[in-house]
Amino acid sequence: MVDFRFFQPIDVRYGDLDPQGHVNNARFVTYLEHARVSYIQHLGLWDGSDYLGLGFILVHLEVDFQAPILITDQVWVGVRVSHLGEKSLDMMYRVENVETGKVYATGMTTLVGYDYKSETSIPLLEEWRKKIASFDNIPERSG
């Protein structure tokens, strides 16, 4: 099982529900996004003020749904970086019940270092690599 050191609480809102009374599948993606941005801010990699300076762009997303979320559920999303490449990183997610640990969904995203002004991919910033590697206990690159 994957260990997560960062968890982002999620407020399940009435507007998140579909006609069946559970959280709509598309909202899960929003929950992952909220957790991802909170993780980046928690590590001090982005202060939220300069969107063109964010330095990442999402290129891949997977979500495996396991159970419905109801409006009464207490939810949080665990986030961790599982792989750091030269220009990309993979993040893993687990959407779960805060009280019981019941897993509602798991997910994975790939982000690429990106310069929004020149619209080109770039290597991940070394300062970011060091902070992420330290926080999620990812071994340093060899060579």
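Begin by selecting proline 68, which lies in the loop between strand 2 (56–65) and strand 3. Helices (H or I, at least four residues) and strands (E, at least two) are DSSP runs, numbered from the N terminus. This is a predicted model, in which local features need pLDDT of at least 70 and side-chain atom pairs count only at pLDDT 80 or more, while totals for chains, interfaces and linings use all residues. Residues are numbered from 1 along each chain as its sequence is written, and side-chain values use heavy atoms, with hydrogens and water left out.

Proline 68 has a relative accessible area of 44%, so it is partly exposed; buried means under 20% relative accessible area, exposed over 50%, and partly exposed in between (1.4 Å probe, protein chains only). Not counting residues up to four places away in sequence, proline 68 touches His22, Asp73 and Tyr104, where contact means heavy atoms within 4.5 Å. Next, display threonine 30: from C-alpha to C-alpha, proline 68 and threonine 30 are 15 Å apart in space, and they are 38 residues apart in sequence.

Move on to isoleucine 69. Leaving aside neighbours within four places in sequence, isoleucine 69 is in contact with Val12, His22, Val23, Phe28, Tyr31, Val75, Val95 and Tyr104.

Now colour the largest nonpolar core. A nonpolar core is a set of buried Ala, Val, Leu, Ile, Met, Phe, Trp, Tyr and Cys residues joined through side-chain atoms within 4.5 Å. Of the 35 residues in the largest one, those that touch the most other members are Tyr39, Ile69, Val77, Leu89 and Ile132. Two or more residues come from each of strand 1 (6–10), helix 1, strand 3, strand 4, strand 5 and helix 2 (126–135). Helix 1 gives the most to this core, with 6 residues.

Select strand 4 (residues 88–97) next. Because 8 of its 10 residues are buried, strand 4 is largely enclosed by the rest of the structure. Strand 3 (residues 75–84) pairs with strand 4 in the antiparallel sense over 9 bridges; two strands pair if DSSP finds at least two bridges between them. These strands form a hairpin with 3 residues between them, and valine 77 stands opposite valine 95 in strand 4.

Strand 4 also pairs in the antiparallel sense with strand 5 (residues 103–115), over 9 bridges. Here valine 95 stands opposite alanine 105. This hairpin has 5 residues between the strands, and glycine 101 takes a positive phi near 80° in it.

Finish at serine 38, found in helix 1 (residues 25–42). Is serine 38 buried or exposed? Its relative accessibility is 13%, so serine 38 counts as buried.
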